[in-house]
Amino acid sequence: MTTVEQGTRTLLSVRNVVKHFPIRSKGLIRRQIGAVQAVSDVSFDIAEGETLGLVGESGCGKSTTARVVLNLLPATSGEVLYRGQDLTKIGRSEMRGLRRELQIVFQDPYASLDPRLPVNEIIAEPLRIHGLYSDGGRDQVRRLMQTVGLKPEHGNRYAHEFSGGQRQRIGIARALALRPKLLVLDEPVSALDVSIQAGVLNLLDELQSELDLSYLFVSHDLSVVRHIADRIAVMYLGSIVETGTAEELFAGPAHPYTQALISAIPLPDPRKERARERITVVGDLPSPANPPSGCRFRTRCPKFANELSDAERTRCVEEPPALVERGQGHPVSCHYAERRALL
Amino acid sequence: MSQHASEPSRAGTADEIDLSPAPGARGVRGDVVLEVSGLDVTFPSADGPVRAVRGVDYALHRGEVLGIVGESGSGKSVTSMAVMRLLPNTAEVKGSVRFDGRDLLTLSEAEMTRVRGSRIAMIFQDPMTSLNPVYTVGAQIAEAVRAHHDVSKQAAMERAVELLDKVRIPNAKDRAGSYPHELSGGMRQRVVIAIAMANDPDVIIADEPTTALDVTVQAQILDALAAAQDETGAAMVLITHDLGVIAGQADRVLVMYAGKPVEIGTAEEIFYTPRMPYTLGLLGSLPRLDRPSERLTPIPGAPPSVVNMPPGCPFGPRCPKHTERCDESEPELRVTTGPGHLAACHYAETLAGQEAADVFDNEVADHEALAGLAAGEGTGTDGEARA
């Protein structure tokens, strides 16, 4: 087993993770006739106390990646090393112990809280499951509620009595109950109105610095990710196409997809928004069951369509570009990567 | 297909936005086409009447884009449903909606049907529910054409293909034969836009037209909407919660809170010199793509319940400028920085030159509780003890 050397600050190391979902034929035998390649060879690291933003549009595999990281879905291949231990290979009981350190906050604060339990019990549940409630669990629950900005007196209420933002805070309190090291946040603010979203983002900021948490922050919203993440990985159709610090990525995005994504997000500033340079992609996402050969983005790539010569295009069609440093300051998976200032 | 990598923003440069007087250009005020006044919508509920809309007034000018922005429950969608007379019968609607010299709220159902779709078109958030799953998209567009024009089926179909082409659907002729489920969300929304364009409407009401879509697709749909507007010369009401979309598309903006407009002005006035604390708070809550990370200033609390609203300013309980005066009566919209810039706040002038962070207290986490949690007091859940 590969191990991360003790003493390094890497908490989580994802190596060449692949996740395919089988497509089966109809009828009795249900032979496998194909596979949805949800995640194709994804690698990244998260250091202690760091936030990695995993960003991309629907169907890019970002949520699947998050679930594979937590071992909620088995990986087809690859390694997920948490403090040197490969989560894809350990047994159930070992994983159960590690669950304390790896927690998740879901997108939908309506669906992820049990409607039949008072909030006290929702937050206490992980403590009970891990046999920690008897030792001052009540106080711990009160403290957790206070920490996330809820009144401990409201602990006897049910989830439906709270607003969306408060519910998301309950979900965060529950995830924090076991003092995790890594929190996976799957679109944690997407269902919230902006004025409420800002409060939850500030809370996440503070929790991280006080509790020394690492975050894997999955989102489709680049503005939110820029705000919260130290480093960002941009996904497209199952692969990471570009990764770097938030600063680098926004100062000089080098992959045509990242450029299109940044230029498609409307800025809340009329003069800037109307004077901006636009890089538009055409068409729709190809099926992940049958991704294009070579570069997966080529079918929608504005560079491929408008700037490259036929000879250059051949390379895009035949050779999948690796995610490596190409003289752009950070790794990018485009044969013709070129930094551009867009903001 | 024919789009270019660096297609210029269709609204052009900043100079063009400064209301050049060329007739017919976007952003230039023509005559009033739609005038909503004193619109009030009440729904009965078990807890008492829900006043979803409490007195909305606006005038929509020919060729302009009026953005209506607000958070969930602010009444922005109910307002336009009331204008189109699409609310259930249980809803009590008061006020008037002047369109083409008549009050839409007093028309018979048959007269209203002639207005809907031909003179005023509507685009909804979810294209799958506005399209019929058992007809091809071409047939549905042709049906919209034939509903208001006496043309042959074949001519209507030709027009359908032409419209699909205008909203930039590649291979429009082939696509006209597709069923809605065969198209992606973005394609479906373009079909809905094509239907809206079919009868050259005077007004297009677009209710969260891009909310269900990914950003790269959203950009394409906003382009298609602009094309539809250019083509038909219609005025547009664009309802959205996304301030970025408003900044890019709207000439004038109406900000709604708790069923009422609380600020109205040009896009520049709203974004650069907001005079209602709520608007300022919204802007301060937004994480910005174009700036390095800074602390956000959320608005404390939550919007009020619109059942049994207390007297006074509905934003009062969340507002840093709040005084006793605000509880006495609800402030009316009044002129602030310019003749068309209205805000419903007694203290509008005190916001001059202020940023959200200057006005709103920055809510901070409970540090005592946090420190207790960090120390793992009284629980034995100290992370280090695990090994």
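1. Chain B holds 15 helices and 12 strands. Please keep in mind while reading that this is a predicted model. Of the 387 residues in chain B, 46% count as buried. If you look at contacts in chain B with a separation of 6 or more, 65% of them come from residues 24 or more positions apart.

2. Leaving aside residues up to four places away in sequence, Ile141(B) touches Ala160(B), Leu163(B), Val191(B), Ala194(B), Ile195(B) and Ala198(B). In soluble globular proteins, nonpolar side chains tend to be buried together.

3. Ile141(B) also takes part in a helix pair: with Gly138(B), Ala142(B), Val145(B) and Arg146(B), Ile141(B) is on the H5(B) side of the contact with H6(B). The H6(B) side consists of Lys153(B), Ala156(B), Met157(B), Arg159(B), Ala160(B), Val161(B) and Leu163(B). By type, the residues of this contact between H5(B) and H6(B) are eight nonpolar, one polar and three charged.

4. How do these two helices sit against each other? The axes of H5 (residues 137–148) and H6 (residues 153–166) of chain B come within 8 Å and cross at roughly 115°. The crossing of H5(B) past H6(B) is right-handed.

5. Now to the partner chain: 63 residues of chain B are in contact with 64 residues of chain A. Helices that each supply at least two residues to this side of chain B include H1 (14–17), H9 (215–232) and H15 (367–375). The chain B side divides into 27 nonpolar, 26 polar and 10 charged residues.

Methods: Residues are numbered from 1 along each chain as its sequence is written. Chains are lettered from A and ligands numbered from 1 in the order in which they are written. This is a predicted model: local features need pLDDT of at least 70, side-chain atom pairs count only at pLDDT 80 or more; totals for chains, interfaces and linings use all residues. Two residues are in contact if their C-beta atoms, placed from the backbone, lie within 7 Å. Axes are lines fitted to C-alpha atoms, for helices over the stretch in contact, and angles run from 0 to 180 degrees between N-to-C directions. Helices (H or I, at least four residues) and strands (E, at least two) are DSSP runs, numbered from the N terminus. A crossing is left-handed if the near helix is turned anticlockwise from the far one by less than a right angle, and right-handed if clockwise. Ala, Val, Leu, Ile, Met, Phe, Trp, Tyr, Cys and Pro count as nonpolar, Asp, Glu, Lys and Arg as charged, and the others, Gly among them, as polar. A residue is buried if 20 or more other C-beta atoms lie within 10 Å of its own, exposed if 12 or fewer, and partly exposed in between; C-beta atoms are placed from the backbone.
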